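Please read these points with the model open beside you. They start with the strands and then work through the side chains.

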Amino acid sequence: MRCSFWTLLLVLACSACAPKAEDAAEVAGRTAKLYYDALLEGKYDVFVAGIDKHLGEQHDYDVQLLANARMFVDKQKDSHQGIASFEVSRVEYSDSAYAANVFLQVHYADSTQEQIVVPIVVRDDVWLMR
């Protein structure tokens, strides 16, 4: 749990660095990658904390989100020998909505790839996944 606190603090620091639109897109991309890297490292609580509608550790919904994150990683191990890495391929940022779509390239251990879209939004100066 202590690691989660420091990771969230890092996300807050990154979010605070985004006053300009051109910087905000970069911060959105780095933040989405940070959340997915946490997932890859088995830090499911950090990943769930980055979801806009999560409720906090004490709620059943967050327990389900944690279980889903674990199942997703386990399924990728079965399907693709696991995930090797995530890479930001591009970001579509909307200054008026304080939101972005971050396109992450998923590199699997079996040498296959796919692109996923991570919708991300600013809530109280913090980038969170929708």
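1. Strand E3 (residues 113-123) pairs with E4 in the antiparallel sense, over four bridges. Two strands count as paired if DSSP finds at least two bridges between them. Helices (H or I, at least four residues) and strands (E, at least two) are DSSP runs, numbered from the N terminus. Arg-123 has Val-126 as its bridge partner in E4.

2. This is a predicted model, in which local features need pLDDT of at least 70 and side-chain atom pairs count only at pLDDT 80 or more, while totals for chains, interfaces and linings use all residues. Residues are numbered from 1 along each chain as its sequence is written, and side-chain values use heavy atoms, with hydrogens and water left out.

3. Now the whole sheet. Four strands make an open sheet in the order E1-E2-E3-E4, with antiparallel pairing. Strand E1 (83-94) and strand E4 (126-129) are the edge strands, and each pairs on one side only. On average, neighbouring strands of this sheet are turned by 30° against each other, direction ignored. For such angles, axes are lines fitted to C-alpha atoms, for helices over the stretch in contact, and angles run from 0 to 180 degrees between N-to-C directions.

4. The chain as a whole has four helices and four strands. Along the sequence the pattern reads α-α-α-α-β-β-β-β. Of its 130 residues, 39% count as buried. Buried means under 20% relative accessible area, exposed over 50%, and partly exposed in between (1.4 Å probe, protein chains only). Take the contacts between residues at least 6 apart in sequence: 48% of them join residues at least 24 apart. Contact here means heavy atoms within 4.5 Å.

5. Look next at Asp-52. Where is Asp-52 found? Asp-52 sits in the loop between helix H3 (44-49) and helix H4 (60-80). With 16% relative accessibility, Asp-52 counts as buried. Its side chain makes a polar contact with the side chain of Arg-123, at 3.1 Å. A polar contact is a pair of N or O atoms within 3.5 Å; within protein, one must be able to donate a hydrogen and the other to accept it, and residues adjacent in sequence count only if both atoms are side-chain atoms. Leaving aside neighbours within four places in sequence, Asp-52 is in contact with Val-121, Arg-123, Leu-128, Met-129 and Arg-130.

6. On to the aromatics. The structure holds three aromatic pairs. Tyr-36 and Phe-47 form one that is edge-to-face, with 5.1 Å centre to centre and 80° between the planes. This pair links distant parts of the chain: Tyr-36 lies in helix H2 and Phe-47 in helix H3, 11 residues apart. Both Tyr-36 and Phe-47 are buried. Tyr-36 also pairs with Phe-86: the ring centres are 5.2 Å apart and the planes are at 65°, so this pair is edge-to-face. Here too distant parts of the chain are linked, with Tyr-36 in helix H2 and Phe-86 in strand E1, 50 residues apart. The cut-offs are these: rings of Phe, Tyr and Trp (its six-membered ring) pair if their centres lie within 6.5 Å; planes under 30 degrees apart count as stacked, over 60 as edge-to-face and the rest as tilted.

7. Tyr-36, Phe-47 and Phe-86 form one aromatic cluster. Tyr-36 is buried at a relative accessible area of 13%. Phe-86 is buried at 3%.

8. How many salt bridges does the structure hold? There are five salt bridges. The criterion is a side-chain nitrogen of Lys or Arg within 4 Å of a carboxyl oxygen of Asp or Glu. Side chains of opposite charge can pair when their charged atoms come close.

9. Helix H2 (residues 21-40) holds Arg-30 and Glu-26, four residues apart and separated by about one helical turn. They form a salt bridge, with the closest N and O atoms 2.8 Å apart. Arg-30 is partly exposed at 39% relative accessible area, and Glu-26 is partly exposed at 48%.

10. What separates Asp-37 and Lys-33 in helix H2? Asp-37 and Lys-33 are four residues apart, about one helical turn. Their side chains meet in a salt bridge at 2.7 Å, N to O. Lys-33 is partly exposed at 27% relative accessibility.

11. Arg-90 forms a salt bridge with Glu-92, the closest N and O atoms being 2.5 Å apart. Arg-90 counts as partly exposed at 41% relative accessibility. Glu-92 is partly exposed too, at 38%.
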